[in-house]
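This report describes a sheet and a group of aromatic side chains. The structure it refers to is shown here.

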Amino acid sequence: MRRSAPTVDAVRMRTEFTFELPRGYVDESGTVHREGAMRLATAKDELIPLQDVRVRENPPYLSVVLLARVITRLGALPQVHDGVVEGMFASDLAFLQDFYRQINAEGHTLAIVACPSCAESFEVDLAGSRLGES
């Protein structure tokens, strides 16, 4: 049995996902940067931080180093590095950790959540959406 070749659409894979931080990173001039993009992580992205002395001394620092590697854009910043991620509000760091997990483990930015009032489940798209908006 012969299989047909995959179509161009089937071959293309989305490797970068946009997001909007709940609060935003505030740089030294006071500018708030909220919109950004994160690419899919490679095996190297997950292995290199394990050799970092800061990670060996403080394992939770792994997420800072890892996120700095995969965030490709954040507002008008020329680059995203460890210091930028370190300076983020805890709520933005938690958002980015969840976003990373969503796109790398599950391959999409959809999450199933439950309404705290009525407990009804529904789907939300974490990419580019702002908390509290529908």
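The text below takes the sheet and then the aromatic residues.

The model is predicted.

**The sheet**

Three strands make up an open sheet, ordered β1-β2-β3, and their pairing is antiparallel. Strand β1 covers residues 16–26 and strand β3 residues 71–74; each has a single partner strand and stands at an edge, so one side of each is left without a neighbour in the sheet. On average, and with direction ignored, neighbouring strands of this sheet are turned by 25° against each other.

Strand β2 spans residues 32–39 and pairs with β1 in the antiparallel sense over seven bridges. Within this pairing, Glu-16 is placed opposite Arg-39 of β2, and Phe-17 is placed opposite Met-38 of β2. The hairpin of β1 and β2 has five residues between the strands, and in this hairpin Gly-30 adopts a positive phi near 95°.

On the β3 side, β2 and β3 are joined by three bridges, again in the antiparallel sense. Met-38 stands opposite Ile-71 in β3.

**The aromatic residues**

The structure contains three aromatic pairs. Two of them are set out in the table.

| Pair | Geometry | Centre to centre | Angle between planes |
|---|---|---|---|
| Phe-19 and Phe-99 | edge-to-face | 5.6 Å | 65° |
| Phe-95 and Phe-99 | stacked | 5.9 Å | 15° |

Which parts of the chain does the pair of Phe-19 and Phe-99 link? Phe-19 belongs to strand β1 and Phe-99 to helix α6 (residues 90–106), and the two residues are 80 apart, so that distant parts of the chain are linked. The angle of 65° between the planes of Phe-19 and Phe-99 exceeds the cut-off of 60 degrees, which is why this pair counts as edge-to-face.

Phe-95 and Phe-99, in contrast, both lie in helix α6; they are four residues apart, about one turn of the helix. Their planes are 15° apart, and because planes under 30 degrees apart count as stacked, the pair falls in that class.

Are these phenylalanines buried or exposed? Phe-19 has a relative accessibility of 2% and therefore counts as buried. Phe-99, with a relative accessible area of 0%, is buried, and Phe-95 is buried too. Phe-19, Phe-95 and Phe-99 together form one aromatic cluster, with Phe-19 contributed by strand β1 and both Phe-95 and Phe-99 by helix α6.

How values were computed: Residues are numbered from 1 along each chain as its sequence is written. This is a predicted model: local features need pLDDT of at least 70, side-chain atom pairs count only at pLDDT 80 or more; totals for chains, interfaces and linings use all residues. Side-chain values use heavy atoms; hydrogens and water are left out. Two strands pair if DSSP finds at least two bridges between them. Axes are lines fitted to C-alpha atoms, for helices over the stretch in contact, and angles run from 0 to 180 degrees between N-to-C directions. Rings of Phe, Tyr and Trp (its six-membered ring) pair if their centres lie within 6.5 Å; planes under 30 degrees apart count as stacked, over 60 as edge-to-face and the rest as tilted. Buried means under 20% relative accessible area, exposed over 50%, partly exposed in between (1.4 Å probe, protein chains only).
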